[in-house]
Amino acid sequence: MGNAVGILLFWVGFYTEAIFPVDVLSTKIKNFDGYYAWESSFTVPDVIMAAFMIIACKRLLSDAMDVVGRLLLIACSGGVMFLGVLDFTYAIRNGMYELDHFFSYILLSIGLGLPPLSFATIYVLMNSFKESDQKKKA
């Protein structure tokens with residue numbers, strides 16, 4: 001649930017300019033209009049994933065072995081991993097980590113933090129399916 005809240009807070013900070021002050025970053029980012037259009041295109045998929053993460057977490061808090069909750073969380077984790085790697089590779093190729101601004105650190109923490117966390121989530125949940133199958137056989 002923490003990832004879902006973090007994703008939603010990122011977009012609130014982005015659009016309120018708390019973490020992405022347009023007047024400052026427009027002078028630091030090459031092709032600012034293109035970057036802004038590209039970055040803001042993540043909003044809808046991120047919000048959809050966050051909503052499904054919250055649904056999955058609610059289900060799993062009620063029943064830790066809920067199959068639908070685990071499958072939703074696996075799907076969301078795959079989506080977060082994909083979008084995190086995409087964001088990370090774009091940022092490396094386009095100098096986003098060299099902006100001399102706090103937003104660079106936020107991008108770096110997203111790119112380095114979310115994909116491994118997503119992989120770990122998928123790994124744990126896939127193993128939980130194996131464990132529940134072994135318990136059924138016993």
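The side chain of Ser 128 gets to within 2.6 Å of the backbone oxygen of Leu 125, a polar contact (N or O atoms within 3.5 Å, one able to donate a hydrogen and the other to accept it; residues adjacent in sequence count only if both atoms are side-chain atoms). This is a predicted model, where local features need pLDDT of at least 70, side-chain atom pairs need 80 or more, and totals for chains, interfaces and linings use all residues. Numbering runs from 1 along each chain, and side-chain values use heavy atoms, leaving out hydrogens and water.

**Ser 128**
- Ser 128 sits in helix 6 (residues 102-137); helices are DSSP runs of H or I, at least four residues, numbered from the N terminus.
- Ser 128 is buried at 13% relative accessible area, buried meaning under 20% with a 1.4 Å probe, protein chains only.
- Beyond its neighbours within four places in sequence, Ser 128 is in contact with Met 65 and Arg 70 (heavy atoms within 4.5 Å).

**Helix 5**
- Asp 66 caps the N-terminal end of helix 5, with a side-chain oxygen 2.6 Å from the backbone nitrogen of Gly 69.
- The 27 residues of helix 5 (residues 67-93) should span 39 Å, and the end C-alpha atoms are 39 Å apart, which agrees; the expected span is 1.5 Å times one less than the number of residues.
- Its buried residues include Arg 70, Cys 76 and Asp 87.
- Just after helix 5, Gly 95 has a positive phi of about 70°.

**Cysteines**
- The disulfide count is 0, taking cysteine sulfur atoms within 2.5 Å as a pair.
- Cys 57 is in no disulfide, and its nearest cysteine sulfur, that of Cys 76, is 8.6 Å away.
- Cys 57 is buried at 12%, and Cys 76 is buried at 6%.

Notes:
Buried means under 20% relative accessible area, exposed over 50%, partly exposed in between (1.4 Å probe, protein chains only). Helices (H or I, at least four residues) and strands (E, at least two) are DSSP runs, numbered from the N terminus.
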